[in-house]
Every structure is written in C-alpha cells, then in structure tokens.
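Morning, everyone. Please have a look at the model on the screen.

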Amino acid sequence: MAEFTIDEIRGMMDKSTNVRNMSVIAHVDHGKSTLTDSLVSRAGIISAAKAGDARFMDTRADEQERGITIKSTAISMYFEAPEEAVADIKQKNEGNGFLINLIDSP
C-alpha cells in the first residue's frame, strides 16, 4: 500500500524547494528498471519482494513481453527523510517531506 496520499503529493507541489526530479539513465541491461522498482518499493507502491521483478514502470504489453523498457515512464512519489538526513541537505528545503518525480528511461 502506498505510504502517501494524493493530498500529500498535491501539497508538496507548492513547496518547490522540496521537489526532486530524477531520471534513471544507463546502457541497455544495466539495471535501470530494477533500480526504479527498488525506489518505487521504498515509497510503498509495490512490495519489496516484487522489486526487481515487477518492472512496475514498464506499462506497455510489448515491454512486459520482451522484458525491456521501450518508452519513458514517469511517477511522482512522496518521501519523508529522517530529521538527521535533512540536516545534511545543503539546498534550501521546508521540512522533511519531499516530492520525487522519477523517470525510468529506455
């Protein structure tokens, strides 16, 4: 079950200092989808047991059949960092909640 609500995501959109945009880019068969699954799992969207095998961001039937990413897919996730980790962030931020916009690329 996801560990965030639509309202939390919407609220984070107004705190631009707490928005992080990430794209996973690497050569073919170097674990982009596996890494993405792990991040999505950490957000509570899929179970940790399925991370790496789920290919959650591969939404097209041909991607699932062939086991490769053909089209980029994006997802927004809410993440709360521990207070001690927030102290290490050098950029301006408001609190410990972050909106992470993640793109899994082919």
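The side chains of Thr69 and Ser33 make a polar contact, at 3.0 Å. Polar contact here means a pair of N or O atoms within 3.5 Å, where one must be able to donate a hydrogen and the other to accept it; residues adjacent in sequence count only if both atoms are side-chain atoms.

This is a predicted model, where local features need pLDDT of at least 70, side-chain atom pairs count only at pLDDT 80 or more, and totals for chains, interfaces and linings use all residues. Residues are numbered from 1 along each chain as its sequence is written, and side-chain values use heavy atoms, without hydrogens and water.

How confident is the predictor? The protein chain averages a pLDDT of 85, on a scale from 0 to 100 for each residue.

Back to Thr69. Its side chain also has a polar contact with that of Asp58, at 2.8 Å. Ser33, for its part, has a side-chain polar contact with Asp104, at 3.3 Å.

Is Thr69 buried or exposed? Thr69 counts as buried because its relative accessibility is 14%. Ser33 is at 9%, so Ser33 is buried too. Buried means under 20% relative accessible area, with a 1.4 Å probe and protein chains only.

Where do they sit? Ser33 belongs to helix 2, residues 32–42. Thr69 is in the loop between helix 3 (61–66) and strand 2 (73–80). Helices (H or I, at least four residues) and strands (E, at least two) are DSSP runs, numbered from the N terminus.

Note on methods
Buried means under 20% relative accessible area, exposed over 50%, partly exposed in between (1.4 Å probe, protein chains only). pLDDT is the predictor's confidence in each residue, from 0 to 100.
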